[in-house]
Amino acid sequence: RRIDIWGLLRLDPVLTSLLIAASLLGLIALYSASGADLTMTLKQASSFALGFGVMLVLARITPSSYAYVSPWFYGLGVILLVAVALIGEVRMGAQRWIDIPGVTSVQPSEFLKLAMPMMAAWYLSTRPIPIRFRDLVVCVVMILVPVGLIAEQPDLGTSILVFMSGFFVLFFAGLSWRLIGSMAALAAAAAPIAWNFLHDYQRRRVITLFDPESDPLGNGWNIIQSKTAIGSGGLSGKGWLDGTQSHLHFLPEGHTDFIIAAFSEEFGFIGVIVLLTLYLAILIRAIQIATNAQTSYGRLLAGAITMSFFFYVFVNAGMVSGILPVVGVPLPFISYGGTAIITLMSGFGVLMSIQAHRKLMG
C-alpha cells in the first residue's frame, strides 16, 4: 500500500517545495553577500532548519485550535509589549527586547506579526460579512494598540507590518473601497501632524527618499550605493562571489535589509526575475490555499498571511530601489536573521494546517 508522506506530515507538497527552493537560494545569496562567511551561512541554515521544524509542528495543529488560542496569544503579545515599554532592554537606541537571564532575549513585536491577524480573523469570523461599522471600530482599536506600542520602541518597520497584517483581515472581511478611500484620505490629512511625532532619524529617511543626493555621504549613502549595485549588475550580473559593492563594503547592510541589491549585482536582471517568479509562485499557491479554506476564520487568516508575505517583498524591494523610505523590513528567505525566518515559517505552518485539515474535513 502506498504511503502518503505529505499527508502524514500535513504539508502541501507544492508550497513546501517552493519554500525549500527559496531557502536554498537565500543561503546561496547570503554566502556571497556576507563575504563568504561560512559561519553566518551555517547559522542561517540552522535557522531555516528550526523554522521548518516549527512549520511541521504548526501544520499538525487544527485551525479550530488556532481560533481558540487567538485572543490569548494576542493578549500575551500586548502584555509583553507593555513589559518592553517598562523594563525592556535598550540596544542601539531602541527598546525592543525583554532579556530572560541566562536564556535569551525576546522581541515580542515579532509575535504580533502572527498574533494580530489571528486575533482579527477570530473576531471577524463570527461577525456578519461585509464588516459592520461597529466591528470595524473594534478592530481598528485592536490593531492600533500594539502598533502604537511597537512604534514607540521605536520600530517603524515592524509597526507597519503588524498594522498591515490586521488591515488585510479587514480587507478580506469585506471592507468597502469607500471606507478604504476615506481612511487613506484621513491618513493623508493627518500626515503633517504625524510628522511632528516622528523621530529625527525617521524624518531624515523620508527626506532622503525624495532627494538622496542632498546628503550623499550621510543619509543618502545607502540608497545611492544600493542603486549603484542594482544598476551595475546589468542583464546577467557580475557572477556569484564577484560583486564589488557589497564585498568592498560600499553597500551597508548588504547581508540583511539591502541583500537584494547585492543579489542583483551578482545575478543581474535575470536573477532578480527568477527570484520574483519564485515569490510569485509561492503567492499563487498560498492564495489557492486561502481560497479553498473551509471556514471563515481560515479564509481570513490565510488571506492575511499571504498578503503580509507579499507586503514584505514589496516594501523591501521598494526601499532598496529607492521608491519607498528605508524602514528596516527584511527580504523573506534571503535576508540574514533567525527571528524573521522563524516568524515567516510559523505563518506558512498555519497555512499548511489550513490546507491539510481542509482535506481531512473533506
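This is a predicted model: local features need pLDDT of at least 70, side-chain atom pairs count only at pLDDT 80 or more; totals for chains, interfaces and linings use all residues.
Reader: Okay. Is Val 147 buried or exposed?

Author: Go by relative accessibility, where under 20% means buried. Val 147 comes in at 12%, so it counts as buried.

Reader: And which residues does Val 147 touch, leaving out those up to four places away in sequence?

Author: Ser 159, Val 162 and Phe 163.

Reader: Now whole helices. How are two packed helices described?

Author: With two values, the angle between the axes and the distance between them. Take helix 7 (residues 156-172) and helix 12 (residues 296-320): they pack at about 135 degrees, with axes 8 Å apart. That angle makes helix 7 oblique to helix 12.

Reader: Which residues make that contact?

Author: On helix 7, look for Ile 160, Leu 161, Met 164, Ser 165, Phe 168, Val 169 and Phe 172. Helix 12 brings Leu 300, Gly 303, Ala 304, Met 307, Ser 308, Phe 311 and Tyr 312. By class, the contact of helix 7 with helix 12 has 11 nonpolar residues, three polar and no charged ones. As for handedness, helix 7 and helix 12 make a right-handed crossing.

Reader: What should the 25 residues of helix 12 span?

Author: Count 1.5 Å a residue and you expect 36 Å; the end C-alpha atoms of helix 12 are 36 Å apart, so the two agree. Helix 12 is also largely enclosed by the rest of the structure, because 20 of its 25 residues are buried. After helix 12 comes Gly 322, with a positive phi near 90 degrees.

Reader: Give me another pair. At what angle do helix 4 and helix 5 cross?

Author: Roughly 140 degrees, and the axes of helix 4 (residues 63-87) and helix 5 (residues 109-124) come within 8 Å. Angles over 145 count as roughly antiparallel, and this pair falls in the oblique class, so helix 4 is oblique to helix 5. The crossing of helix 4 and helix 5 is left-handed.

Reader: What is in the contact between helix 4 and helix 5?

Author: Helix 4 contributes, among others, Tyr 66, Phe 73, Tyr 74 and Leu 81. From helix 5 the contact includes Phe 111, Leu 112, Met 116 and Trp 122. Sorted by class, the contact of helix 4 with helix 5 has 17 nonpolar, three polar and no charged residues.

Reader: And how do helix 10 and helix 11 pack?

Author: At about 25 degrees, with the axes of helix 10 (residues 221-232) and helix 11 (residues 259-292) 6 Å apart. Helix 10 and helix 11 are therefore roughly parallel to each other, and their crossing is left-handed. Ser 226, Ala 229, Ile 230 and Ser 232 of helix 10 meet Ala 261, Ser 264 and Glu 265 of helix 11. In the contact of helix 10 with helix 11 there are three nonpolar residues, three polar and one charged.

Reader: Let's zoom in on Ser 226. Buried or exposed?

Author: Ser 226, in helix 10, has 0% relative accessibility, so it counts as buried. Setting aside residues up to four places away in sequence, Ser 226 touches Leu 251, Phe 258, Ala 261 and Val 320.

Methods. Residues are numbered from 1 along each chain as its sequence is written. Side-chain values use heavy atoms; hydrogens and water are left out. Axes are lines fitted to C-alpha atoms, for helices over the stretch in contact, and angles run from 0 to 180 degrees between N-to-C directions. Helices (H or I, at least four residues) and strands (E, at least two) are DSSP runs, numbered from the N terminus. Angles under 35 degrees count as roughly parallel, over 145 as roughly antiparallel, 65 to 115 as roughly perpendicular and the rest as oblique. A crossing is left-handed if the near helix is turned anticlockwise from the far one by less than a right angle, and right-handed if clockwise. Contact means heavy atoms within 4.5 Å. Ala, Val, Leu, Ile, Met, Phe, Trp, Tyr, Cys and Pro count as nonpolar, Asp, Glu, Lys and Arg as charged, and the others, Gly among them, as polar. The expected span of a helix is 1.5 Å times one less than its number of residues. Buried means under 20% relative accessible area, exposed over 50%, partly exposed in between (1.4 Å probe, protein chains only).
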